[in-house]
Amino acid sequence: MKGIILAGGSGTRLHPLTLAVSKQLLPVYDTPMVYHPLSVLMLAGIRDVLLISTPHDLPGFQRLLGDGTRYGMNITYAEQAEPNGLAEAFVIGADHVGDDTSALVLGDNLFHGSNFSDLLHECVDGIGPDADGCVLFGYPVRDPENYGVGEADEHGRLISLEEKPERPRSNRAITGLYFYDEQVCEIAKDLKPSDRGELEITDVNRVYLEQGRARLVDLGRGFAWLDTGTHDALLGAGQYMQVLEHRQGIRVACLEEVALRMGYIDADACYALGAKLAKSAYGKYVMDVATSLGAVPNGGR
């Protein structure tokens with residue numbers, strides 16, 4: 001499966017913060033926001049990722065993440081010159097996806113939950129020609145009229161999809177994480193722009209809904225889906241991560257730790273990455289994790 005992170009847009013709701021820097025490069029407590037969607041793809045077992053952003057912002061992501069080698073990943077980059085809709089990611093990324101299955105995650109969506117990696121792997125395994133063509137993730141919200149909303153039957157099969165409905169049929173908001181089969185790039189290529197001039201991801205999802213091959217996975221109790229679209233939401237997300245770290249001693253979206261635990265790099269390589277950041281608490285945490293999992297500091301000297 002190939003992964004795509006869509007990290008474009010101008011972040012107008014976060015002005016003036018985003019006048020000079022991409023929203024997805026802003027900090028969520030002690031990590032850049034983009035670490036979160038990238039860690040989700042890594043937890044799903046995806047190692048080949050395309051990051052799409054604006055021509056102005058791409059160099060910042062490249063400086064931060066490089067080609068992904070240090071995490072045992074392959075990260076490439078592409079431009080989205082204008083915010084022409086989420087589904088355009090599959091037009092821009094068609095060569096990257098090829099004939100493979102794919103996952104799209106939005107660069108400003110943050111997820112956290114117990115056994116999330118197991119759930120993601122289960123969903124990845126369920127994508128195929130004779131199985132699910134599309135897997136969406138729903139999260140209960142108190143104001144579903146402000147979101148795209150999905151309704152599923154008792155088997156998790158998606159039976160309705162509405163965009164900001166006046167009278168929602170469920171309280172399950174569709175989150176910014178999507179898994180698709182090999183058809184998705186062709187579907188996106190054939191889309192017509194909506195009234196607002198964008199290629200809508202909801203229109204992609206409706207194709208799978210009409211085929212009876214869309215599934216809605218419920219992220220309910222025990223999971224957090226965090227929005228970062230406003231100053232208050234960004235602050236709240238940072239405070240959530242701060243509480244977790246201080247109470248439990250864990251770090252969410254620590255790429256070095258995820259790479260180690262997924263087997264993408266070994267403990268010594270992880271320790272070396274932490275040592276480069278040793279003056280920060282983040283770097284010390286990476287070194288501690290690597291040591292606890294078998295790293296030999298300084299080669300045993």
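What covers the buried residues of α5? Before I answer, please note that the structure under discussion is a predicted model.

Let me begin with the helix itself. Helix α5 spans residues 116-125, and its buried residues are Phe116, Ser117, Leu119, Leu120, Cys123 and Val124. These residues lie on the same side of α5, because they cover an arc of only 160 degrees around the axis. The opposite face, turned away from the buried side, carries the exposed residues Asp118 and Asp125.

I return now to the opening question. The cover over the buried residues of α5 includes one helix, α1 (35-43). It also includes the strands β7 (110-113), β8 (134-140), β11 (172-180), β12 (214-218) and β13 (223-226).

Thr101 sits in the loop that links α4 (94-97) to β6 (102-106). Is Thr101 buried or exposed? Its relative accessible area is 11%, so Thr101 counts as buried, the limit being under 20%. Leaving aside residues up to four places away in sequence, Thr101 touches Met1, Lys2, Ile127, Tyr180, Asp181 and Glu182.

The largest cavity holds about 60 Å³ of space. Its lining consists of Val28, Tyr29, Asp30, Thr31, His36, Met241, Glu245, Ile250, Arg251 and Val252. By class, five residues of that lining are nonpolar, two are polar and three are charged.

Terms used. Residues numbered from 1 in each chain as written. Predicted model: local features only at pLDDT ≥ 70, side-chain atom pairs only at ≥ 80, totals over all residues. Heavy atoms only, no water. Helix = DSSP H or I, 4+ residues; strand = E, 2+ residues; numbered from the N terminus. Buried < 20%, exposed > 50% of the residue type's maximum accessible area, 1.4 Å probe, protein only. Contact = heavy atoms within 4.5 Å. Arc of directions from axis to C-beta. 1 Å grid on protein atoms, 1.4 Å probe; cavity = no way out; pocket = protein on both sides within 12 Å on 5 of 7 lines; lining within 4 Å. Points joined across faces, edges and corners; volume = space filled by probe spheres on them. Nonpolar A, V, L, I, M, F, W, Y, C, P; charged D, E, K, R; others polar.
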